[in-house]
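Visitor: I have the sequence and the model open side by side, and I'd like a walk through the fold. Could you guide me?

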Amino acid sequence: LDLSTFFLGRPLTAPLMNASGVWCNVNSQLHALAESEAGAMVTKSCTLLRRDGNPEPRYHTLTMGSINSMGLPNEGHQYYLDYAERHDYENKPLFFSVAGLTLDDNLTIVAQIQDAYTPALLELNLSCPNVPGKAQIAYDFDALDVILAEISSAYSRPFGVKLPPYFDIAHFDEVADILNRYEKVNFITCINSIGNGLMIDMESETVLIKPKQGFGGIGGEYVLPTALANVNAFHQRCPKKSIIGCGGVNTGEHVFMHLLAGASIVQVGTALYEQGPDIFVRLKAELAQIMQEKGYKTIREFQGKLKTL
Ligand SMILES: O=C(O)c1[nH]c(=O)[nH]c(=O)c1Cl
């Protein structure tokens, strides 16, 4: 059973990786991912300088997922550049997530990635919902257009964007039109957490996380239908770009659904946070079992082939 897909011309040992932000903040976690059965991996979204992030508690497990308002805690971009220099690219591809607080910060970080000649692939995070006072770039279509124009002229290699979920067909159309104007954007990661959810503790009658009066991004099984819709919407609208699926994955069936909807690689966030990197062993086995039952020998036979009625 060939579980591999090709990404940017290179075979992956499995169409699975972590979602940025999960199990990828520090070297010990990055090393664990490098040693895991994941076929690729991505670093925590970085800012120019190190950040503590929001006050704790800032992550809470929910019955069907998670809520988080981490606030972009990270070791600063140089730390991840140092990791990227040491990473074994023959073992698996490395994606480098960037979420600069300003356009200038993004340009500075991207210029340093360029100068480092690292084989890492840039995933530009346009969708962090948890920096107080900062609206998501990806929900401001003019700002989205500007940052893609700026990064495209500052960065000479292909790169990708991490998008938040959209909930309106007209928004899928409008964002895809913008993305299709940038041929250097050759992958799209859908979705980031569903921003600014709220969950309540019945006994104490309080919210679950401290930042933002308890408001935080929702991940986990709650978001699977929204994630599949965004994967399929951009798969249909951006035929020249690869889609990385993210959102609601906890079983081989969820992985299969993301691939069928059009994803080339499937990211795991909340379930990885809860279960650790061994989850990739289980997901690979469950996907292989499903492919066996359905008589598929390779992922290519069903990838992106979701049928309509
Ligand atoms: O609060 C965070 O650090 C965070 N949390 C998310 O759920 N998505 C993001 O992109 C980021 Cl950057």
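Visitor: In what order do the four strands of the antiparallel open sheet come?
Guide: Strands here are DSSP runs of E with at least two residues, helices are runs of H or I with at least four, and both are numbered from the N terminus. Two strands pair if DSSP finds at least two bridges between them. In this open sheet the pairing is antiparallel, and the order is β5-β6-β14-β11.

Visitor: Before we go on, what kind of model is this?
Guide: Residues are numbered from 1 along each chain as its sequence is written, and side-chain values use heavy atoms, with hydrogens and water left out. Local features need pLDDT of at least 70, side-chain atom pairs count only at pLDDT 80 or more, and totals for chains, interfaces and linings use all residues, since this is a predicted model.

Visitor: Now the eight-stranded open sheet: which strands stand at its edges?
Guide: The order is β3-β16-β15-β10-β9-β8-β7-β4, with parallel pairing. Each edge strand has a single partner strand, so one side of each is left without a neighbour in the sheet; the two are β3 (16-18) and β4 (41-42).

Visitor: Which residue in β7 stands opposite Val 42?
Guide: β4 pairs with β7 (residues 94-98) in the parallel sense, over two bridges. Val 42 has opposite it Phe 95.

Visitor: Which residue in β10 is the bridge partner of Val 161?
Guide: β9 and β10 run parallel and are joined by five bridges. The partner of Val 161 in β10 is Ile 188.

Visitor: How many of the six residues of β10 are buried?
Guide: Buried means under 20% relative accessible area, exposed means over 50%, and partly exposed is in between (1.4 Å probe, protein chains only). β10 is largely enclosed by the rest of the structure, because the number of its residues that are buried is six of the six.

Visitor: At about what angle does α4 run to β9?
Guide: Axes are lines fitted to C-alpha atoms, for helices over the stretch in contact, and angles between N-to-C directions run from 0 to 180 degrees. Helix α4 (residues 141-154) lies across β8 (121-125), β9 (159-163) and β10 (185-190). Its angle to β9 is about 155°.

Visitor: Is α4 roughly parallel or roughly antiparallel to α5?
Guide: Their axes come within 10 Å and cross at roughly 20°. Angles under 35 degrees count as roughly parallel, over 145 as roughly antiparallel, 65 to 115 as roughly perpendicular, and the rest as oblique. The crossing angle therefore makes α4, relative to α5, roughly parallel.

Visitor: Which residues of α5 make the contact with α4?
Guide: Contact means heavy atoms within 4.5 Å. On the α4 side are Phe 141, Leu 144, Asp 145 and Leu 148. From α5 come His 171, Glu 174, Val 175, Ile 178 and Leu 179.

Visitor: Is the crossing of α5 with α6 left-handed or right-handed?
Guide: The axes of α5 (residues 169-179) and α6 (residues 224-237) come within 10 Å and cross at roughly 50°, which means that α5 is oblique to α6. A crossing is left-handed if the near helix is turned anticlockwise from the far one by less than a right angle, and right-handed if clockwise. The crossing of α5 past α6 is right-handed.

Visitor: Which residues of α1 meet α2?
Guide: The axes of α1 (residues 27-35) and α2 (residues 77-86) come within 11 Å and cross at roughly 35°. α2 brings Tyr 79, Tyr 80, Tyr 83 and Arg 86. α1 brings Asn 27, Leu 30 and Ala 34.

Visitor: Is Thr 298 buried or exposed?
Guide: Thr 298 is in the segment after α9 (279-294). Leaving aside neighbours within four places in sequence, Thr 298 is in contact with Asp 2 and Met 291. With 16% relative accessibility, Thr 298 counts as buried.

Visitor: And what is the relative accessible area of Lys 184?
Guide: Lys 184 is in the loop between α5 and β10. Beyond neighbours within four places in sequence, its contacts are Ser 152, Tyr 155, Ser 156, Arg 157, Pro 158 and Phe 159. Lys 184 is partly exposed, and its relative accessible area is 28%.
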